[in-house]
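Welcome! Here is a short tour of a structure that may be new to you. Take a look at it first, and then read on.

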Amino acid sequence: MPRTTSMTYDPSAIEAKWQAAWADTELFKAVRDARPKYYVLEMFPYPSGRIHIGHVRNYTMGDVIARYKSSCGFSVLHPMGWDAFGMPAENAAMASGGHPKTWTYDNIDVMRGQMKPLGLSIDWSREFATCDPDYYGQQQALFLDMLDAGLVYRKPAIVNWDPVDMTVLANEQVIDGKGWRSGAEVERKELTQWAFAISDMAEDLLDSLSKLDKWPEKVRLMQENWIGKSRGLQMTFKLSAPTHGHEGIEVYTTRPDTLRGASFIAVAPEHPLAKALAEDDAELAAFAADVRKGGTTEEALEKAEKRGYDTGLTVENPLGGTLPVWVANFVLMDYGTGAIFGCPAHDQRDLDFAIAYGLPADPAFKPVDADALEIAGEAYVPSKTEVVHYHFDKPFPLKDKRDFATGQEAIDAAIDWAEAQGIGTGKTQFRLRDWGLSRQRYWGCPIPVVHCDTCGVVPEKKENLPVTLPDDVTFDVPGNPLDRHPTWRDVPCPKCGAAAKRETDTMDTFVDSSWYFARFTAPHAATPTDLDDAAYWMNVDQYIGGIEHAILHLLYSRFFARAMGKTGHLPQGTEEPFDALFTQGMVTHPAYVTKDDRGRAVYHLPEEVDVSARTLRASGEAVDILPAIKMSKSKRNVVDPQDIIAQYGADTARWFVISDSPPERDFEWTPEGAEAVHKHLRRVHRLAEDIARADRSANTADADLARATARAIHEVTQGIEGFAFNKAVAKLYEFSNTLNKSDAGADARRDAMKVLAQLMAPMVPHLAEELWTMMGGEGFVMRAPWPKADPALLVDDTITLPIQVNGKKRSEVVVAKDAAKDVIEALVMEDAAVQRALNGGAPRKLIVVPGRIVNVVV
RNA sequence: GCGGGUGUGGUGGAAUUGGUAGACACAAGGGACUUAAAAUCCCUCGGACUUCGGUCCAUGCGGGUUCGAGUCCCGCCACCCGCACCA
């Protein structure tokens, strides 16, 4: 390419130069000082192998905020770490015979090396990986304190069991109800597992959502529904004849107003009564075993065909008569009492069941305007706020002897009635279950307890932490290597010294990510946190991550912040650790797939595919191209940022990923977009060169440029503050176009370019430093105080009001900013388009909204 | 199945509390410069009709409220995210 100017935009030189300068001055080291602090955090990455554009977008957003806040005078903490435990490392070990530890740390090295050229303002001195013994040892200390505080306990839990490999499977490893390796039909199996008592805090976790006013409404709503508080009725149905030590069946219902329509009782297969009956009923035992087939996800359970087994037992209905007792696969032991009464008329699941087994469907209420309610294939389920007709063929105890009520009023009335009759009590119930944390896997944080035949479960002594993972393990057979590692597993009891066994389960990786934000405030402390550091840096002022974490990760972190407060690891006021939350959209890209000889999908990296020929480059095999979906390692539809940086530089990648789509929405990577961004940055660089060379004696001030500058400052600042980076970028395009066309004097254009450099600095920091220096700016642009817009320049003296006729724009009128209504009216009536529309008549109505619009109704 | 979200030109998107639909870009087409290409610069760019003044249609679909609806309400459709052992 011929050089048309003496200097050209050379990102590789510029970026290396400024990154070195930043590093030399430790510009991003977070320090406690007199400034107000600002803690910005992006959800830390899993070290899957290489960074992809999704990472670039996520960390660029955080970096924009971090650099902006720094320019605004805050002491900024912007750390980075690695969520490093998890299944993929073990899968890689199984596939290629390596070690999860080697695989993980190698990946971290690669990804750190890919991340640093992005020029993120990260304090790398705080970096850690959750698989560092230093980190997970502190996590074990936390666990012991939580155990001591009664926040962790053991309970039975249901897992996916592969009967061929004899191993527990993750939900992800269950495909269409079958184990991913063995292909065997998965069963649900009960194991004793460790659990965090998160449901004890359900009420607080729910109530405190209202304080999170800088969280997206949708996330709060999702958490609210997940916690699922409901007030219902708990009541006991007396068995017609007591059996197996059971006098009755306790049920819980959120719709006691439907009791009149009850036509059966159903209990979960794991219900104590069902288990007792199954002991001497082979047919029931076979049924229970059969419905155990399949995975544990709520989705699988909900979608499964409704199946039941008639026990032949009956219970007394307090409203008269009896109800049959069934064992049903759609009743969950985890929720309520593990037993329900079925009301087919007003619950679709109950109706499906009733139709399958010939049970009646009698309505408890009907629509206000209906004579009767006929139930065919669809249950009648109005919302609880809708008024319906309760008191029709049979009495219903509504207040004031009314006939009509909303569902909620009727529920309350039914609970009052049941309590008065002594047949049940009102009870608040949460959908939220305790958090089972045990995993039967190697690559996780060991649970620091020992099982002793005489002492029971004994916590490891704190001075023995960390309980480190052994390195000498193999993955050639299914199951947990810790389980078959005698020298690691067999230890003396910490209490009595007798031969005992370590807990071989490790912790859910969600535990690792539930407190890392607190560890970042003192990453080298000898205790999980340092209270002084935590008091200074907490809370996270701005947390940024994917919407896919809207429920579990965020809820678990909120729980951990409370638990750490209770165990003295966090100061007061950190119960809600994330002041503001932003959920960014995903980066999407087409996916490329072929089928293996068993018909299963095999995904391929974009660089392995000849897209135009739709074939694999290596083999020529035909490839299916799926439309753009979330970039993910499993789908291999990832773009390598390294290639982009090599071609265009980091600033181009950074600018592009936040430029077009709103940050909360998905973003599709396209090669053209990157090219166009690069051209623009080159244009700005060239413009700066022109200005730097311009004759400084020709020095005319320019009011238009000053106004444009003020508006740019105002709107870019608003865009960054409001997480509308795409709008801030659009404004920067506009401002640089204006500056490019401006014929103002050199000093005026130089001042404007300095402001442009400052406004661009959060997005394209390297180029901004370069522009700043070219314009004679002193020090780092990032250290220059954020520019302020002169308010006087933001308001215009005159405004253009659109004139509508019958709601459609027909003309416009220029008026003084504060013109009186009657002045505007007079001008409007003179307008040619208005006169044409009126055709000599008078308007039916004239609407003048000052400062906005005029509408003439004819 | 349940919970949450999204839908605007060929494309990504913009549009304070209901007030000019399409800012800013991408792609495309035309032109300038050049021996040529690249680069750069300029112009056009939702659709239909037009007497070139404009007129009508148009924000997933169908209704409604309003002087005025992309925005509010009701009913659909399509796609996406989550569903507790993927991270």
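## Ground rules

Helices (H or I, at least four residues) and strands (E, at least two) are DSSP runs, numbered from the N terminus. The model is predicted, with local features needing pLDDT of at least 70 and side-chain atom pairs pLDDT 80 or more, while totals for chains, interfaces and linings use all residues. Residues are numbered from 1 along each chain as its sequence is written, and side-chain values use heavy atoms, without hydrogens and water.

Strand β15 (residues 404-406) holds Phe404. Phe404 is partly exposed, as its relative accessible area is 33%; buried means under 20%, exposed over 50%, and partly exposed in between (1.4 Å probe, protein chains only).

## Aromatic pairs

Across the whole structure, a search finds 41 aromatic pairs. Rings of Phe, Tyr and Trp (its six-membered ring) pair if their centres lie within 6.5 Å; planes under 30 degrees apart count as stacked, over 60 as edge-to-face and the rest as tilted. Trp435 and Phe559 form an edge-to-face pair, because their ring centres are 6.3 Å apart and their planes stand at 75°. This pair links distant parts of the chain, with Trp435 in strand β17 (residues 435-436) and Phe559 in helix α17 (residues 552-566), 124 residues apart. Both residues, Trp435 and Phe559, are buried.

## Around Pro787

Where is Pro787 found? In the loop between α24 (765-774) and β32 (798-805). Pro787 counts as buried because its relative accessibility is 12%. Beyond its neighbours within four places in sequence, Pro787 is in contact (heavy atoms within 4.5 Å) with Ile713, Val755, Gln758 and Leu759.

Note on methods:
Chains are lettered from A and ligands numbered from 1 in the order in which they are written.
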